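Here's a quick briefing to read alongside the model. Have the sequence and the 3D view ready as you go.

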Amino acid sequence: MRTNEPQPLTLPGLFVTGTDTGVGKTQITAALVGAAIAQGRRPAALKPVGSGAKRDAEGQWRHPDVEMLAQALGDPELDRSLICQWMLELPLAPCVAAREVGQPLEWPRLRQRLDQSLNSWRERGCDLAIVEGVGGLLCPLTDETTVADLAAWLDYPVLIVARRGLGTLNHTLMTVEAARLRGLRLAGLILNDPETPTDPLTARTNAEELSRRLPDLPIWGELDHHPAEADSMRAWSETINWFDLAASPRGR
């Protein structure tokens, strides 16, 4: 019997989330994509929902995060719907942005579109999916779900991107607790300076305290704010075999 329910996923992957908006998730995701390519993999890059999109001169939706991921893939002509399955114009939480324009973001349709994109990536020979969430793990996604529900449905190991600065202990520990309560697999943490340099003492003590409180959760990177950030992030990302951290959904 045929249904419209998305079919089980088999492509191994990683899910990148953050402790907040603006922590550098897209920069990190793009760096992971570039590293996977440098390591001989054929990654797919996905950001299922993008708020704050604009139409270009040809009337096509464009989103800066999606453009960064397309650039990381090295394919400027790539169909953007393979990366982002739902673009929204207003820079708000996805369900709010969709509701404001009278086009509710529906959970079954989002899953169906995402599964179709993953199937298309598989057909292109991809062997790794790197999926970026929107906002933080509990950011409202549809009227009934959050980004955590998306991560649970994909069932990929979760990488958490956190700021290195003041306040990150609370945000990071809450994100880890929320993930574990939902049975999500955690691949580790990445501490990032997304905008301005962090005080060295704050950066050092935050990393030490997170390691003490989360001894089973590796910190894969402590990234400095740097004028040549793209180059330094690329060099860091290529030192880690991200494919080894990825996994297929369990029981499928």
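**How two helices meet**

Helix α4 passes helix α5 in a right-handed crossing, a label used when the near helix is turned clockwise from the far one by less than a right angle. Keep in mind that this is a predicted model, where local features need pLDDT of at least 70, side-chain atom pairs count only at pLDDT 80 or more, and totals for chains, interfaces and linings use all residues. Residues are numbered from 1 along each chain as its sequence is written, and side-chain values use heavy atoms, leaving out hydrogens and water.

**The α4–α5 pair**

- On the α4 side, the contact (heavy atoms within 4.5 Å) is made by Trp107, Arg111, Leu114, Asp115 and Leu118, and on the α5 side by Asp149, Leu150, Trp153 and Leu154.
- Sorted by class, this contact has six nonpolar, no polar and three charged residues. Here Ala, Val, Leu, Ile, Met, Phe, Trp, Tyr, Cys and Pro count as nonpolar, Asp, Glu, Lys and Arg as charged, and the others, Gly among them, as polar.

- Leaving aside residues up to four places away in sequence, Trp121 touches Pro43, Leu73 and Cys126, among others.

**Threonine 19**

- Thr19 sits in the loop between β1 (13–18) and α1.
- Thr19 is buried, with a relative accessible area of 12%; buried means under 20%, exposed over 50%, and partly exposed in between (1.4 Å probe, protein chains only).

Terms used: Helices (H or I, at least four residues) and strands (E, at least two) are DSSP runs, numbered from the N terminus.
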